[in-house]
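Reader: Here is a model I would like to go through with you. Shall we take it residue by residue?

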Amino acid sequence: MRLFLRVRKIFGVAPFEHSSEHWKSQRQTALIVFFLTYWLIYQIIFTLHGSDLILVKEWISNPINELLIFLTVIFTLYHGELGLQVIIEDYIPATQTQQKIMFMIRLLRLSLMTSVIITLIYLRL
């Protein structure tokens, strides 16, 4: 059940987090983003260095690379949303305004996630 709730939060269909749950999610996503970004930088420097567009498309169309790129984008955007939530809660006093801004940020995150999914599907064709 907790895994299902976590997936709902990542895809933006769960309520906003507060207090200790928010703190744990920030730390967990920071760790995940660290390792995924390290993997991506390693791949760019040592695997894709000097490659042409065709080789890059082949590399991205590999299912493992595609999944890891997708996870990197999802967790990075989610971690960014968590950080912005803290800033908004600290510096905007009106609760109603906070909620409106958070929903706009969530909508932006979901649209960016959708565009990444569409791009990965397009590159696979």
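Reader: Is I41 buried, partly exposed or exposed?
Author: This is a predicted model, where local features need pLDDT of at least 70, side-chain atom pairs count only at pLDDT 80 or more, and totals for chains, interfaces and linings use all residues. Residues are numbered from 1 along each chain as its sequence is written, and side-chain values use heavy atoms, with hydrogens and water left out. I41 lies in helix α2, residues 19-47 (helices are DSSP runs of H or I, at least four residues, numbered from the N terminus). Buried means under 20% relative accessible area, exposed over 50%, partly exposed in between (1.4 Å probe, protein chains only), so I41, at 45%, is partly exposed.

Reader: Is T29 buried or exposed?
Author: T29 also lies in helix α2. Its relative accessible area is 4%, so T29 counts as buried.

Reader: Which residues does T29 contact, leaving aside neighbours within four places in sequence?
Author: Contact means heavy atoms within 4.5 Å. The C-alpha atoms of T29 and Y78 are separated by 7.7 Å, though the two are 49 residues apart along the chain. T29 is in contact with F75, Y78, H79 and L82.

Reader: Is Q98 buried or exposed?
Author: Q98 lies in helix α5, residues 95-124. It touches I88, E89, I92 and P93, not counting residues up to four places away in sequence. Its relative accessibility is 14%, so Q98 counts as buried.

Reader: Which residues does L120 contact, leaving aside neighbours within four places in sequence?
Author: L120 is one of the ten residues of the largest nonpolar core (buried Ala, Val, Leu, Ile, Met, Phe, Trp, Tyr and Cys residues joined through side-chain atoms within 4.5 Å). L120 is in contact with I60, E66, I69 and F70.

Methods:
Helix = DSSP H or I, 4+ residues; strand = E, 2+ residues; numbered from the N terminus.
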